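Here is a short tour for anyone meeting this protein for the first time. Have a look at the sequence and the fold, then read on.

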Amino acid sequence: MVLPRPFNPPTRAHIELADYARRSVGFDYVIFVPTKKVYIREDQGKDFAFDDQTRLDMLGRIASSKEWMQVSDYEICAGKQPRTYETLCRLKETTGMELKLLFGSDKLEELQTGWKYVDGIMREF
C-alpha cells in the first residue's frame, strides 16, 4: 500500500490508520510518501509546512520501530512535484510490489477536480 500525503507533521492517526488498513487487506507494508513543501504551501494553500527533510526524518524515525512501515523520498527528491499516478508507477517499477493507493476520505471529492490521471489510478492501483 502507498500512502502519499504531506505529513505536516505525521500524526499518530496517520500511522495507526495506515497499519489498520494494511492489516485489513493483508498487505505486508505501507510506503509513506511525503510531498514537497512547495506543494503543501502553493498547491494546498497551507500557511505553514515543515521543511522536506524534517518531515522525511520524522517519518524515518517512526518507521525505524515499525517493521511494516517504509518511507520513500521519491517525491521530495524529484525535480518537480510528481503526480500521484507517476509516483505509484515509479514505486511499482522500483519495488516490484503489488501496490494499492491509500488515502483519507477527505480526498475523495478532490479526485473529480484536482487530481490528474484518475482513470489510471483507478485501473492500476
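This is a predicted model: local features need pLDDT of at least 70, side-chain atom pairs count only at pLDDT 80 or more; totals for chains, interfaces and linings use all residues.

## Ground rules

A residue is called buried here when its relative accessible area is under 20%, exposed when that area is over 50%, and partly exposed in between, using a 1.4 Å probe and protein chains only.

Residues are numbered from 1 along each chain as its sequence is written, and side-chain values use heavy atoms, with hydrogens and water left out.

The pLDDT is the predictor's confidence in each residue, from 0 to 100. The protein chain averages 92, and 100% of its residues score at least 70. Confidence is lowest in β1, at a mean of 80, and highest in strand β3 (residues 69-71), at 97.

## The overall layout

Helices (H or I, at least four residues) and strands (E, at least two) are DSSP runs, numbered from the N terminus. By that count the chain has seven helices and three strands, and they follow one another as β-α-β-α-α-β-α-α-α-α.

What about size? The C-alpha trace spans about 35 × 35 × 25 Å along its principal axes. The radius of gyration is taken over C-alpha atoms, and the globule rule is 2.2 Å times the number of residues to the power 0.38. With 125 residues, a compact globule would come out near 14 Å, so the chain's 14 Å agrees. Buried residues make up 42% of the 125 residues. A contact means heavy atoms within 4.5 Å; among contacts with a separation of 6 or more, 67% are between residues 24 or more positions apart.

## Strand β1 and its partner

β1 covers residues 2-5, and both of its faces are covered: V2 and P4 on one side, and L3 and R5 on the other, are all buried. Two strands pair if DSSP finds at least two bridges between them. Four bridges join β1 to β2, and the two strands run parallel. V2 stands opposite I31 in β2. From β1 the chain crosses through α1 to β2, making a right-handed β-α-β crossover. Right-handed means that, with the strands pointing away from the viewer, the path from the first strand over the helix to the second runs clockwise.

In soluble globular proteins, nonpolar side chains tend to be buried together. A nonpolar core is a set of buried Ala, Val, Leu, Ile, Met, Phe, Trp, Tyr and Cys residues joined through side-chain atoms within 4.5 Å. The largest one has 14 residues, and those with the most contacts inside it are L3, A18, V30, F32, W68 and M69. The elements giving two or more residues to this core are α1 (12-25), β2 (30-34) and α3 (52-63), with the largest share, three residues, coming from α1.

L3 touches H14, A18, V30, I31, F32, V33, L102 and F103, leaving aside residues up to four places away in sequence. A second, separate core of 13 residues includes I31, V33, L88 and V118.

Most residues other than glycine have a negative phi, and most peptide bonds are trans. The loop between β1 and α1 holds F7, which has a positive phi of about 50 degrees although it is not a glycine. P9 sits in the loop between β1 and α1 too, and the peptide bond from N8 to P9 is cis, with omega near 0 degrees.

Y117, in the loop between α6 (110-113) and α7 (118-124), has a positive phi of about 60 degrees, again without being a glycine. Is Y117 buried or partly exposed? Y117 is partly exposed, because its relative accessible area is 44%.

## A look at T35

T35 is in the loop between β2 and α2 (37-43). T35 counts as buried because its relative accessibility is 6%. Leaving aside residues up to four places away in sequence, T35 touches R5, P6, I40, D52, R55, E75, I76 and Q81. The C-alpha atoms of T35 and T94, 59 residues apart along the chain, are separated by 18 Å.
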